[in-house]
2 protein chains.
Amino acid sequence: MSGMTPTIKDVAERAGVSITTVTNVLHGRGGRFSEGTRERVLKAVEELGYRPNTIARSLVRRRSNTVGVVVEHFRGALLGNPYFSTLLDGILAEAVKAGYQLKIIALERPDLVHVRQSTEDGSIDGAILAAPLYQSPLLRWVEHCRLPHVVAGSSPPALQSACVDVDDEGSVYAAVKWLIELGHRRIAFLGGPTDYWSATQRERGYLRALFEAGITPTSHWIRRGNYSTLSGRLAMEMLLQVRPAFSSVVSCNDWMALGALEAMRRKGVLVPNDISILGFDDVEAAAVASPPLTTIRQPVREIGMTAARLLIQQIEQDTPSVEHVIFPGELIQRDSVVPYSLEPEEGSKPRPHLRRRRRRC
Amino acid sequence: MSGMTPTIKDVAERAGVSITTVTNVLHGRGGRFSEGTRERVLKAVEELGYRPNTIARSLVRRRSNTVGVVVEHFRGALLGNPYFSTLLDGILAEAVKAGYQLKIIALERPDLVHVRQSTEDGSIDGAILAAPLYQSPLLRWVEHCRLPHVVAGSSPPALQSACVDVDDEGSVYAAVKWLIELGHRRIAFLGGPTDYWSATQRERGYLRALFEAGITPTSHWIRRGNYSTLSGRLAMEMLLQVRPAFSSVVSCNDWMALGALEAMRRKGVLVPNDISILGFDDVEAAAVASPPLTTIRQPVREIGMTAARLLIQQIEQDTPSVEHVIFPGELIQRDSVVPYSLEPEEGSKPRPHLRRRRRRC
DNA sequence: CTGAAAGCGCTTACAG
DNA sequence: CTGAAAGCGCTTACAG
C-alpha cells in the first residue's frame, strides 16, 4: 500500500493506530493520546522517514503558508537588478521569520488573466506586487482583488491598497532645496523613464523645489533616459551642449549619474568643481565611483520587510489594509556635490563649465 | 454549496454537466465533449471567474510544477548579494520558460531535518542548491536524496550529483599564469573564507600556477578575508608591511580587491604602477572603480540557467543526472594590471613599492 | 459524447 | 484516549 514516499497511512499502520491519532500526536494536540501511543507513532515516523505532505495539508486547511511576490514584465534580468533583489531579500527575511515560504510569480505578460491565474489558485495566501509600473494592469487588478496584497516600491496616492515605498518626490525635493541653499540655481535634471512612477515623482520633486525657490525650470535642462548607465551618458552629452550651462545636475538614479560622470570625464568637465552631481538609490557602485557619488539612499530592504509584515498581518487577521507606509530617503553626502560660489556672467565666453571653481562642502 | 471561491463543482452545476466533463474541456481533451457542451462550460467558467485550484491539482498529479531553490545560512542579506540574485535570476528565467514556478526555501539552519522537511513535502518537483558551503550538511543530503536536484555554484569533484559552476581553480590558474607571463614573479594573494569551496579552489589555482612556474609561494604573501571590502582593506594593509614586497596581488573576489585598492590609496601606493591587482567576479562596481579593475568574470546568470535546465530535464525525464557542467571564467582586462618591467634588487631600501614603474598593458 | 466513482494525503468535527 | 467518516478540489481510469 505504501508508494515510494511514506504517507500518514503508512505511519498509522506501522504504529498500529488510526491516522487521526497520528495527526494528533504530530500536531501535539495534548490529551488525545497516551504516552505509549505517542512513542510508537514517533518511532514509526522516524523509521519510515515520514514527512507530512504540505500540499495535502494546504488543500484542507485552505492555507498554503506561502507568500507570493509578483514581478511583472520579466524580460530576463529583473532579479539582476539590485533594487528587486534587495526588495526580495527584505521580503524573504520577514516571511521566513513568520514561518512563511516564498514563491516568485514572474509574469511575462502582466494582464489580468495571467495574474489571476497564478495568484488566485490557492498556492499563495497573499501577494506582494514588486514595483509595478505606473499604469500597470496589476494596479487595476488589486483594486478588485480579494486576496490579501500589498504593493511595494510603487505608491499611487489614490490606490486603495496597502503600499510601501520611499518618498520619491519629497526626497528629491529636499535634495534640490539643499542644492539651492548651496548656491546652485542652474540645476539640470536627468530624468528616468516616464512609465515609472518613481521617475515621474522624482521629477516632480525637482520641479517643486525649483518653483518654490522662484526658479523657472528650463526644458533644455531636463533630459530623460531609461535608468541605464549608457542612457545617462548620452543624456549628459546632450545636456553639456546646452547654453547657458548649469552648475549642477540631479539624476533620477545612480546608474544614470555614473554614466553622466563618464560623459563629463570624456569632455574634461571636472566633478564637482565644474559641475556638481547628485544621484538616487545609493547603489554599491556609487561609493566607489570617482568622485564618490553624493546620492539619496532609499531603504529598499526595509521596504520589503515592511511590505511582508503588512501582508502577513492582513493574512493572519483576515482584514484588508489600505495603509500607505512611506519612508523618507536619506541624503548620503560624498564628494560629487560642492557649494556654488561664482556664477559666471550671462553670455560669457566658451567653456563656461571650466571657468568656475568651488570649494568642497 | 459554493464557498467564496468557485470550484469546479460550481462550474459543473452552472453548465449542467458533470465535473469530469468540465476538466475535459478545461484540458482540451478533444473528442470527449460536444461543441455545445464546451461552450456552456466555458461560459460558466467565465461568468463565475473560475480558476482551477493548483493545490488540488498538484495533490492528484503528484506534481507541483515548481522548482525550489534552497539557500542555506540565511542570515539576512543573502539575496542582497549580487551573486545569489543573479543566479536566481537565471534560474527564474529558465523555470518560467519551461512553465515552472519558483519557490525559495531559505534554511536558517541547514540541517538534514529542515531540508528534508521543506523539500520532500510535495511542494516542489526538484531542488537547486544555491552555492552550498564547502562542507555543508546539504551536500551530504543530496547524496541520498531521491528528489531531483542540482547544485549550482559549488562543485566538489567527488559529488555524485549534477553540478553547475565556474572553473574557479582553472580561471585563477590561467590568470596568474598570465601575470607571470607579464613579468610578475612576486605575486601576493588575498584569499577568501576557507569554508567556501570557491575560495579554496581559487587559492589552489594560484598555487598551481606558481608551482608550475617554479616560484615558491610565500605564506607571508597570502592573507585571507571574508570576501567583504573591509576585510580586503585590512588584509591588504597587512600585506603592505611585508618585505620583500610584491609586484602584484590577486584577490579572491572583487569586493576584497576594492578594499585593497582603498588600502593602497591610503598608503600612497599607486595602482597599477606600483602594484597590479586582479579581482574575481566582475561585480558592477569593478568597472567604475579607479582604476577600473581587471578581473575574472564568471557567467553567473548562465550557471543559474543551466542548473534550471538540468533540473527540469531530470524532472521531466525522471532520470537522475550526475553531470558536472563547468564554465570557464573570462578575463576582463581593464586598468589595474600592467606588465612588470623592473624587479628591484634583493634587500633594496624602504618604500620598494614606489620605486618601480611599469607601462600599461 | 458523458458521468459515477475512487482516490491524491491530509485534517477536522464527531461519536464512542 | 481512540477511530470511522466526511471532505478539501481536483484528475483519472472505467463503464456506459
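**From a strand to the DNA**

In chain A, strand E3(A), helix H7 (residues 137-143) and strand E4(A) make a right-handed β-α-β unit. The model is predicted. E3(A) and E4(A), the latter spanning residues 149-152, pair in the parallel sense over 4 bridges. Within this pairing, A:Ile128 stands opposite A:Val150 in E4(A).

E3(A) also pairs with strand E1 (residues 66-71) of chain A; 4 bridges join the two, which run parallel. Here A:Gly68 of chain A stands opposite A:Ala127 in E3(A).

How many of the 5 residues of E3(A) are buried? The count is 5 of the 5 residues in this strand, residues 126-130, so E3(A) is largely enclosed by the rest of the structure. A residue counts as buried here if 20 or more other C-beta atoms lie within 10 Å of its own. In a regular strand, side chains alternate between the two faces of the sheet. In E3(A), A:Gly126, A:Ile128 and A:Ala130 lie on one side, A:Ala127 and A:Leu129 on the other, and all are buried, which leaves both faces covered.

The next topic is the contact between the chains. Chain A and chain B each contribute 43 residues to it. On the side of chain B that touches chain A, the elements giving two or more residues are helix H4 (54-61), helix H5 (82-97), strand E2 (101-106), helix H6 (112-119) and helix H12 (284-288) of chain B. H5(B) supplies the largest share of that side, 8 residues. By class, the residues of chain B on this side are 21 nonpolar, 13 polar and 9 charged.

Strand pairing also links the two chains: strand E2 (residues 101-106) of chain A is joined to E2(B) by 3 bridges, and the two run antiparallel. In this pair, A:Leu102 stands opposite B:Ile104 in E2(B).

The surface near DNA strand D has 11 nonpolar, 11 polar and 3 charged residues.

Definitions and conventions. Residues numbered from 1 in each chain as written. Chains lettered and ligands numbered in written order. Predicted model: local features only at pLDDT ≥ 70, side-chain atom pairs only at ≥ 80, totals over all residues. Contact = placed C-beta atoms within 7 Å. Nonpolar A, V, L, I, M, F, W, Y, C, P; charged D, E, K, R; others polar. Pairing = 2+ DSSP bridges. Buried ≥ 20, exposed ≤ 12 C-beta atoms within 10 Å, placed from the backbone. Right-handed = clockwise from strand over helix to strand, strands pointing away.
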